Amino acid sequence: MSRATSPRPASPPDSESTTAGPSPPDQPQEVDATTLLDINRGNRPSRASLVSAFVVPVLVIGQAAWATYVVCYQLAHQRLMKRDKQMGAGYAVIVLQALFIFMAGVTYMRLIQVIYTDPGLLPLGMSRAKPEDGGNDDMKAVMKRWSEKRSIIQHTTPEDARTREELFKELAAHNQRQAELRMEALKSFRPKDMFIVAPDGLPRWCKTCETFKPDRTHHCSDLGRCVRRMDHFCPWVGGIVSETTTKFFVQFLFYAMLLCIFMLATTITLFKRDNDRYGQRNPQLIALLVLSGVYTLFTVGMFQNSMWMLAKNFTTIEQRQFGMPLHLAVRISPDWYAGNVDHLSCYMVVSFASAPGEKWAIFQTDPRAKLWDLGGAYANVCQVLGKRVWEWVLPVTYSPCAKPADDVSEYPFGPAALAVTQNVQAPK
Ligand SMILES: [Zn+2]
């Protein structure tokens with residue numbers, strides 16, 4: 001049996017029995033103030049994120065309202081219709097501006113609505129729940145007592161020593177409870193046929209949310225929570241781009257891009273006419289020219305990049321991590337597994353208490369493998385935008401990938417990942 005060559009991270013204290021791998025420690029690990037600070041860090045959205053999430057959308061909406069006024073009143077009404085007597089062109093500019101701003105506004109509102117009501121957050125683990133709910137989230141009280149009595153570290157009186165001992169006992173008891181809850185979480189963990197694991201063969205664990213992370217889920221430091229199919233936190237829309245919001249984010253980008261291109265083309269045309277025929281250079285037109293030019297470059301670049309990632313079935317995080325090997329757990333077919341796993345090309349075999357008698361082979365994947373690429377750009381895009389044309393252009397339905405996962409995998413794996421399963425399935 002081959003072994004992974006990558007460095008192994010510190011194992012969580014809840015490892016279950018594995019046929020090859022670390023055995024679970026009997027005693028809870030020691031806790032110190034640093035560990036507590038690490039656990040406590042990032043459990044709330046940062047102040048900067050909250051401020052930008054509010055200020056930036058307000059600024060964008062204000063700019064869009066002003067730009068619409070300039071296009072519809074100063075360009076279409078004042079210049080095209082009144083001055084140049086081009087009524088058809090004037091009405092066409094007003095209708096197109098209204099259409100693009102309406103679609104951009106509708107997709108933006110849909111995006112904001114989903115960001116605030118269903119952003120794709122992973123539920124917190126029991127160890128983050130309140131004590132009255134059976135959890136262990138008394139971390140704040142422990143930390144408060146610790147900070148109040150921190151000065152005793154430097155003191156050496158017998159009373160300080162006793163207080164210090166009590167504090168460490170309290171921290172140790174808290175940590176033991178955390179370890180017990182993590183063990184319970186692993187017992188209730190329902191393994192799928194294929195899923196991404198940590199190098200030690202256990203499901204990926206978030207120490208802040210105190211829960212196991214499904215595939216493609218990552219911890220968002222801006223929100224302080226784990227997010228399913230997390231892409232990035234976007235200050236322009238004031239929220240997270242995730243499993244539930246990626247589709248509406250891309251649709252908003254599309255209509256915002258059309259709006260910016262239209263405004264830029266209209267402004268260039270009438271600015272040139274002003275300059276050539278009447279020798280005028282209106283300051284508001286110059287401002288709109290600059291603004292629509294900058295936003296056109298920005299939205300075209302963002303939309304192009306977003307569509308490229310949809311076509312490749314990447315999230316921003318996965319794109320950054322591309323080139324790093326992942327570890328894939330694959331359920332071993334009962335027909336194939338007969339007690340001896342030495343012939344498998346995996347580096348470890350694990351089992352879970354929640355699935356007695358079943359085993360998973362752990363493989364280290366090719367660093368360049370695109371595990372989620374379904375084998376074609378159209379299939380990848382449909383996973384987020386949907387299969388019907390109206391689903392691509394209207395912000396109504398959720399993405400197909402946001403539907404509840406089946407027992408096979410959290411998200412469909414592509415050919416690069418499925419090729420691995422041939423190593424552990426029964427020959428046909
Ligand atoms: Zn988390």
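User: In this predicted model, with which residues is Pro-235 in contact, leaving aside its neighbours within four places in sequence?
Analyst: Pro-235 sits in the loop between β6 (232-234) and β7 (239-241). With sequence neighbours within four places set aside, the contacts of Pro-235 are Ser-52, Ala-53 and Val-56.

User: Is Pro-235 buried, partly exposed or exposed?
Analyst: A residue needs 20 or more C-beta neighbours within 10 Å to be buried, and 12 or fewer to be exposed. Pro-235 has 17 inside 10 Å, so it counts as partly exposed.

User: What is the strand order of the open sheet of four strands?
Analyst: The edge strands are β1 and β9 (348-350), each of which pairs on one side only. Neighbouring strands are turned against each other by 30° on average, direction ignored. The pairing is antiparallel, and the order is β1-β8-β10-β9.

User: Which residues of β1 point the other way from Met-194 and Ile-196?
Analyst: In a regular strand, side chains alternate between the two faces of the sheet. Strand β1 covers residues 194-197, and all of them are buried. Met-194 and Ile-196 point one way; pointing the other way are Phe-195 and Val-197.

User: Which residue in β8 is the bridge partner of Val-197?
Analyst: Strands β1 and β8 (residues 327-331) run antiparallel and are joined by four bridges. Ile-196 stands opposite Leu-328 in β8. For Val-197, the bridge partner in β8 is His-327.

User: Which element of the chain has the lowest mean pLDDT?
Analyst: The chain averages a pLDDT of 81, and 78% of the residues score at least 70. Over residues 1-43 the pLDDT is below 50, although this stretch has 78 contacts in the model beyond near neighbours in sequence. The highest mean, 97, belongs to helix α9 (residues 377-385), and the lowest, 30, to helix α1 (residues 33-40).

Notes:
Residues are numbered from 1 along each chain as its sequence is written. This is a predicted model: local features need pLDDT of at least 70, side-chain atom pairs count only at pLDDT 80 or more; totals for chains, interfaces and linings use all residues. Helices (H or I, at least four residues) and strands (E, at least two) are DSSP runs, numbered from the N terminus. Two strands pair if DSSP finds at least two bridges between them. pLDDT is the predictor's confidence in each residue, from 0 to 100. Two residues are in contact if their C-beta atoms, placed from the backbone, lie within 7 Å. Axes are lines fitted to C-alpha atoms, for helices over the stretch in contact, and angles run from 0 to 180 degrees between N-to-C directions.
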